Amino acid sequence: MDVFANLALGFATVWKIVWWAPGFLQGAVSLPIPINILLCFVGCLVGTLIGVLPGVGPIATIAMLLPITFGLDPVGALIMLAGIYYGAQYGGSTTAILVNIPGEATSVVTTLDGHQMAKQGRAGVALGVAALGSFFAGSVATIVIAALGAPLTKLALLFGPAEYFSLMVMGLCFAVVLARGSILKAFCMIMLGLLLSTVGTDLETGQERMTFGFPPLADGIDFAVLAMGVFGFAEVLRNLENPETRDVVKTKIGKLLPSLSEIKQCINPVLRGTGVGAILGILPGNGAVLGPFASYTIEKKIAADPSRFGKGAIEGVAGPESANNAGAQTAFIPLLTLGIPPNAVMALMVGAMTIHGIIPGPQVMTKNPDLFWGMIASMWIGNLMLLVINLPLVGLWVKLLQVPYRLMFPAILIFCCIGIYSVNNQPVDVAFTAMFGLFGYILIKLGFEPAPMLLGFVLGRLMEEKLRQALIISRGSFMTFLERPISAGLLLVAVIVLVIALLPAMSKKRDEVFTE
Amino acid sequence: MSLNKIEQARGLRVRSPQDLAAGIFMILLAALALFLARDLPLGTLRQIGPGMLPKSFAVICAGLGVMLALTSLVYKGEQLQGFSWRGVIFVLGGAVLFGLTIRGFDIGPLKVPQLGLVVSGPIVVLVAGSAATDLRWKELIIFAIVMTTFCALLFKYALGLPIPLAPWLLGI
Amino acid sequence: MKKLTLGLAAAFTLALAGGAMAQAYPARPVTMIVPFAAGGPTDIIARIVGDHMSKTLGQQIVIENVAGAGGTTGITRAMTAAPDGYTIAMGHLGTFSAAPATYPGLKYDPLNGMQTIGLAGGTPILIVAKKNFPAKDLKEFVAAVKAAPDKFNEAHAGVGSVSWTTCTLFKGVLGVPKLNAVAYRGTGPALNDLVSGQIDFMCDQIVSVSEQIKADTIKAYAVASAERSPALPNVPTTKEAGLPDYQIEAWNGIAGPKGMPKEAVDKLVDALNKALNDEPTKKRLLDLGAVIPSAEERTPAGFQALIKRDADKLTPVLASAPK
């Protein structure tokens, strides 16, 4: 089969050996250096590091490392940069689990149950399950790219503005299920997220919206600023006033790795998460963001006891983490086969390719087969390396939780401040984050959950953009959302999800009245 | 249905102060958004204007706020908890001071020179750290120096981020 | 623990002593602000040119991405910085020539309030359409658009972007300002919908569209430059194709705040020239489809003249553009 020949080419590229004769030995010995494997390792290591550091995202790091890759050949350079990208996805879940700070939109869901597990002294288990699930998902996604990359490309092209809008509506309905308490309050948070997403310059007219005429707000609120504020800073404030909740982390450590029965419990969620994440990852325009949310929704809905979710359910970590990593991997499909970057990191990869004289387009696969298949092969090797890097680190991370909280939170704070500053090199972003910290603290006091707000925020911008695009193209006809079959199907799923979510809640409310 | 009547018979009173406050909070935010977006045109369906979605979302927010406030009169819920201002002032204040000093700032008569990480780092650790109830000053000061050095090496040199260290002294 | 702290303190003091000594320009790294996200066309050109300039200057040129408001946030920061030659910026057609007309409250004056250094690279603009657009050449395309402006959808990457600026000029030249303009967040998503046929046409930089044209997923009608691009030799110029009035290039160039010391300006101009004469650097730029600037355009005066020329061309169209 072609796939095997191609994969053989890929692995041969990854295993490229460069003979290095150290100068000081005067050519007496020359050593074989597996240069691409080495670069892949460096990329994964750097990626894990920046993923763990709150705020510092893969975008800033890949940008900084671009000039360093000038001296490398393009395949090696891209293998390293790709390693940084999926390494950061791994590392991001570590921060979400340990200190409840989602570095990226895709790890918001992991905070829900992952951090609860950490508080119960099961941080090691959560981290272990996240790493194993991610590895499995990454491996499957790599095979999907290798075998189906080219045909799946068509999926990306089937999605026009109308389909995206319907997809976003469906995503928002998932957010309702995320709610741990009152559904009404979850709706409030989603709407607030949508409202916040409209702050900033209007894309179509250039008019400033709700910016107070303040230039730093002209481009809207940065995701990192909002997430770090309502999760990171607000969490510090909450912990400072409840010494008992943070002490739980300190006293019990628990075991470092998941037991066999726990792994068994996770097999099905991981499989489902991988499937959902891989499909959504292909869609350009941040489809991958929905993966973890969708996976969490599915797990919570089919669980025998949904009330465990939000209180440290292991499936709530395993499923979304797998979806996250599968999506991160399949997001390469539109880039490699169409030459169109589906998100900001992929846009940067386009930049990296162009700097090396390879302009991404539909012909990369035929013109640079070693690059195409080498990258795919390196993804699998990278995932293996991430497992090797991360499993031993679990012990170290869990030990970090033993640092007294009076030192831990200033450390979290300085990392957050530097991280936020480095997103846009804008000091005022740090002040904004502090403001959102206060906002998040108020939300906690009022009994709101911030996770649905973040989802609303992430999807809101895209939803408005796509709604307006679709209506311009359809010349103002809402029927476009129902006439297009994919769009209509997605809206139908949205309605079903909503009904399933609302029915038990309504009966529950009645019970509450009854018991009063 | 009959249950609600029983509720009404007992008279309207605030059964969930937290939900009532949450509802009012939503209404206030929506009002602020509507005020800020008052000049933005709604546009038409064919060419949606910049004001259509912000205003619609704000109206829905307000509606949900009203519902929340009304349910607080019907369903029993949690009490409103007090604020711990110590954390808010020191932790958030520390972060704001970091933002003000890292590159310097110029607000009206207030001029802050560009101090860089060498100064801003210890500031955020020391100010935020004093929010802890079990504060130990000596430990915190050493920790501030160690963390700043570590961060300078990590972010500036290992990751190569363009963050100013101490422009007034080192020129970088 | 204490020993370690003392040692680190000592290391810091040493570093201070080394840095504080006054030297000839440049005595420390030079910050080049790129007012866009990393990985975009301007960022790539800045990194390629900056890499070689660092070698000539003997000090690192540090790229700092300060994105926002169509690039004006970053340029504002550069132009309000101390004019000591240590803060410069890589701007483009939008930030230097179009911004005054697009952003009424602009805090810098590209025509009188900057110290220009020189042009770093020009990027040709192409008029591209979906694969199955019926018109076979630019003349037919223009005729079709003029005949039924309401029938077609044009994509751009947001107000203030290069594709918006150049396409607004295109519509101005055609006399059909009120086309259905569909705004996207960036060129990537716009291109996706052009390839899938949801959108009819757009104008964009060669580096974004050349591979799609070569792969035949979209078609190009003309390049809006004086000469054909070596990257796409089969695409005619607008002059050849019958629309000589539409001439625009998305150049990128370096400028700093007004009042920089002459020594710094001279050294930066020299470093830029050496970078653009260096064969590997040149090849990198040419691979992007960029045009290497002429000797005249690499001087402060030549670059300033280019900014003015394009500002004169764009201001009337942008000022009256429907927003």
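Which helix of chain C lies across β4 and β10 of chain C, and at about what angle to β4(C) does it run? In this predicted model, the answer is helix α12 (residues 300–319) of chain C, which lies across both strands and runs at about 85° to β4(C). The points below describe the sheet to which these strands belong, and then a pair of helices in chain C.

**The sheet of chain C**

- Five strands of chain C form an open sheet with mixed pairing, and their order is β2-β1-β3-β10-β4.
- Because β2 (61–65) and β4 (114–121) of chain C stand at the edges and each has a single partner strand, one side of each is left without a neighbour in the sheet.
- From one strand to the next, the twist averages 30°.

**The pairing of β4 with β10**

- Strand β10 (residues 252–257) of chain C runs antiparallel to β4(C), and six bridges join the two.
- Within this pairing, C:G118 has C:I254 in β10(C) as its bridge partner.

**Helices α10 and α11**

- Helix α10 (residues 262–277) and helix α11 (residues 279–287), both of chain C, pack with their axes 5 Å apart and at an angle of about 75°.
- Since angles of 65 to 115 degrees count as roughly perpendicular, α10(C) is therefore roughly perpendicular to α11(C).
- On the side of α10(C), the contact involves C:A275, C:L276 and C:N277, which meet C:E279, C:T281, C:K282 and C:L285 in α11(C).
- Sorted by class, the residues in the contact of α10(C) with α11(C) are three nonpolar, two polar and two charged.

Terms used
Residues are numbered from 1 along each chain as its sequence is written. Chains are lettered from A and ligands numbered from 1 in the order in which they are written. This is a predicted model: local features need pLDDT of at least 70, side-chain atom pairs count only at pLDDT 80 or more; totals for chains, interfaces and linings use all residues. Side-chain values use heavy atoms; hydrogens and water are left out. Two strands pair if DSSP finds at least two bridges between them. Helices (H or I, at least four residues) and strands (E, at least two) are DSSP runs, numbered from the N terminus. Axes are lines fitted to C-alpha atoms, for helices over the stretch in contact, and angles run from 0 to 180 degrees between N-to-C directions. Contact means heavy atoms within 4.5 Å. Angles under 35 degrees count as roughly parallel, over 145 as roughly antiparallel, 65 to 115 as roughly perpendicular and the rest as oblique. Ala, Val, Leu, Ile, Met, Phe, Trp, Tyr, Cys and Pro count as nonpolar, Asp, Glu, Lys and Arg as charged, and the others, Gly among them, as polar.
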